[in-house]
Amino acid sequence: MKAVILSAGQGRRLLPYTEDRPKCLVPVEGQPIVEWQLRCLREQGVTEAVVVTGFQTQAVEAFTAQLDLPGLTVRTLFNPFFAVADNLASLYMARDELRGGGIILNGDTLFEPAVLERLLQEASAPVTVTIDRKSFYDDDDMKVRLDGNRLAEIGKTLPAANVDGESIGMIHLDSIGAAALDATICEVLRQPDGLRRWYLSAVDLLAQRQPGIVEAVSIEGFRWGEIDCPADLQKAEALTRDLRWILLAANEAPAGITAA
């Protein structure tokens, strides 16, 4: 099983922490975000991870090269367009990696392994979007509208009355879904604003054109968090303190992380 982690951007909203390093290398509880992600992926059986890099790519390449994660192969893939494009271009660069399907994960999302476990257990459509639900959604949430389990729309500007949850930045593809999403990505990139689009805008277009090809799986009750601004780091610290114990139990804890 393969995962693609989209980590090309600098993460300017996280300044000053990202002044001289990409967001994925910002430490949380002493370990970079990407290391927490990789260990959680491995704990759920992922055997290959491709980290799409851009800003300060050499730093990410150096960090991943020294990781010792038996059973998990980690590679990097450079997106030369990171400074002028959003993450749709990063996924375009990695599309060959997903020919047989796999996991797509935003590079700023922390999650407990049970989140991925739920997704893998319940994904049944060609494209499956992982969602959570809460009582209030703000302007920055990637909101979703559902028709049963079918994803009808996804985007930040959905009217509040139509919102059934938010995407957590993790999706599952089978080979059919990967091919369908690849074709849609190529189409969206041809549009005048294509380079400024999120990859989930391609998922939105695909869901509207081929009803039923995109479904949603809820991970309500499990813990996850997006690290987008400095205020998010405090929440992330609390999550990774708990995550440390989960990974210790699975013998997946980062070096230097102990039960003490």
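A charge is taken to sit over a ring if NZ of Lys or CZ of Arg is within 6 Å of the ring centre and within 35 degrees of the ring normal. In this predicted model, Arg-95 meets that description, lying over the face of Tyr-92 at 3.9 Å from the ring centre.

Helix packing was examined for α5, which spans residues 175-189, and α6, which spans residues 199-209. Two packed helices are described by the angle between their axes and the distance between the axes. The axes of α5 and α6 come within 9 Å and cross at roughly 115 degrees. Angles of 65 to 115 degrees count as roughly perpendicular, and α5 and α6 are therefore roughly perpendicular to each other. The crossing of α5 past α6 is right-handed. On the α5 side, the contact is made by Ala-180, Leu-181, Thr-184, Ile-185, Glu-187 and Val-188. These residues meet Ser-201, Ala-202, Val-203, Leu-205, Leu-206 and Arg-209 of α6. By class, the residues of the contact comprise 8 nonpolar, 2 polar and 2 charged.

The peptide bond from Leu-15 to Pro-16 is cis, with omega near 10 degrees. Glu-29, although not a glycine, has a positive phi of about 55 degrees.

Note on methods. Residues are numbered from 1 along each chain as its sequence is written. This is a predicted model: local features need pLDDT of at least 70, side-chain atom pairs count only at pLDDT 80 or more; totals for chains, interfaces and linings use all residues. Side-chain values use heavy atoms; hydrogens and water are left out. Axes are lines fitted to C-alpha atoms, for helices over the stretch in contact, and angles run from 0 to 180 degrees between N-to-C directions. Helices (H or I, at least four residues) and strands (E, at least two) are DSSP runs, numbered from the N terminus. Angles under 35 degrees count as roughly parallel, over 145 as roughly antiparallel, 65 to 115 as roughly perpendicular and the rest as oblique. A crossing is left-handed if the near helix is turned anticlockwise from the far one by less than a right angle, and right-handed if clockwise. Contact means heavy atoms within 4.5 Å. Ala, Val, Leu, Ile, Met, Phe, Trp, Tyr, Cys and Pro count as nonpolar, Asp, Glu, Lys and Arg as charged, and the others, Gly among them, as polar.
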